Amino acid sequence: MANRYFLADLPAPGRHALPEDLAHHLGRVLRARVGDAVRLGDGRGGTAQATVAVIDRRGCFVDVTDVAHEPPPPCALTLAFAVPRLQRVEWLLEHGTEVGVASFQPIWTHRTRPTEARADRWDRIVAAAAGQCDRAWLPTVQPGCELADLLAQAALPANRFVARADGDAPAPAAPGTALLLVGPEGGFTAEELAGIDRAGCRGIRLGRHVLRTETAALIGAAVLLLS
C-alpha cells in the first residue's frame, strides 16, 4: 500500500465513502481489510488519519479520525528542464517528486522541440510518487513553454540557478522560492546562455562528468533542497 492517498478535499472526522477509483484500488487491487490504517491527503498540506471500516459491493468506507495540516516546505523549487525522451521525463517526475521538487516546468530549447503532451499521465505519476514517499504537498507539472518565454516572466523566483560545467560549487537554496534550469543533451546554445545570464541565473556545477538532462536535474534539485 502507498503511504498516502490523495483526495480533492479531505473529509471531516467521521465515516465516509471513498471515491470509486480509490475504493476499487484499495478493495480489489490491494485487498485491504477492515481495520487497515489509511492516510489521506489533499495535496495542499492536509492530512487525515483513517481506518477501513467497510468493504463491500457498495464500495469502501473509512472512519476518519485526526485531521491536521502540514506547513509547506521551506524552499519551493521549480525545476525547469529541457524535455528528454518521454520515458526519461517520467523517471525525472517520479524521483524529483521524492526529492521534494515543488513544480516541474518542461521547456523547449533550440535542441529540444515540442513533443507529445502527456499531462494526465504525468500528473498520475507525480501523485503516485508523492503517495509512496508520503508527501503532504503535491508538486505541479506545468505545460511546456519556450525557454525565452519562461525567462521573460515577471514573477520568476529571486533565487535562480542554471546547471553548467563552469558554474560555482552548489549550496542549498535559501528559504522561499527558487528556480533551477537544466539544459538539453548538448547544452544550451550561446544565445540561450546569454539570455539566461541576463535573467540573473547563477551557474552551479554538478560534478566532473557530462550528465544526462534527467540526471543533472535530479542531482541539482537534491543539492538545492537537501544539503
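**Close-up 1. Surroundings of Phe-104 in the predicted model.** Leaving aside residues up to four places away in sequence, Phe-104 touches Leu-79, Phe-81, Leu-92, Leu-93, Gly-96, Thr-97, Val-126, Pro-139, Thr-140, Val-141 and Gln-142.

**Close-up 2. The nonpolar cores.** The largest nonpolar core comprises 30 residues, and those with the most contacts inside it are Leu-79, Phe-81, Leu-93, Phe-104, Leu-180 and Val-182. At least two residues of this core come from each of β6 (75-82), α2, β7 (103-108), α3 (119-132), β10 (159-168), β11 (176-182) and α6.

**Close-up 3. Helix α2 against helix α3.** The axes of α2 and α3 come within 8 Å and cross at roughly 35°, and the crossing in which α2 passes α3 is right-handed. On the α2 side the contact is made by Leu-86, Val-89, Glu-90, Leu-93, Glu-94 and Thr-97, and on the α3 side by Arg-121, Trp-122, Ile-125, Val-126, Ala-129 and Ala-130. Sorted by class, the residues of this contact are eight nonpolar, one polar and three charged.

**Close-up 4. Helix α2 against helix α6.** The axes of helix α2 (residues 86-99) and helix α6 (residues 213-226) come within 10 Å and cross at roughly 10°, which means that α2 is roughly parallel to α6. Arg-88, Trp-91, Leu-92, His-95, Gly-96 and Val-99 of α2 meet Glu-214, Thr-215, Ala-217, Leu-218, Ala-221, Ala-222, Leu-225 and Leu-226 of α6. In the contact of α2 with α6, nine residues are nonpolar, three are polar and two are charged.

Methods:
Residues are numbered from 1 along each chain as its sequence is written. This is a predicted model: local features need pLDDT of at least 70, side-chain atom pairs count only at pLDDT 80 or more; totals for chains, interfaces and linings use all residues. Side-chain values use heavy atoms; hydrogens and water are left out. Axes are lines fitted to C-alpha atoms, for helices over the stretch in contact, and angles run from 0 to 180 degrees between N-to-C directions. Helices (H or I, at least four residues) and strands (E, at least two) are DSSP runs, numbered from the N terminus. Angles under 35 degrees count as roughly parallel, over 145 as roughly antiparallel, 65 to 115 as roughly perpendicular and the rest as oblique. Contact means heavy atoms within 4.5 Å. Ala, Val, Leu, Ile, Met, Phe, Trp, Tyr, Cys and Pro count as nonpolar, Asp, Glu, Lys and Arg as charged, and the others, Gly among them, as polar. A nonpolar core is a set of buried Ala, Val, Leu, Ile, Met, Phe, Trp, Tyr and Cys residues joined through side-chain atoms within 4.5 Å. Buried means under 20% relative accessible area, exposed over 50%, partly exposed in between (1.4 Å probe, protein chains only). A crossing is left-handed if the near helix is turned anticlockwise from the far one by less than a right angle, and right-handed if clockwise.
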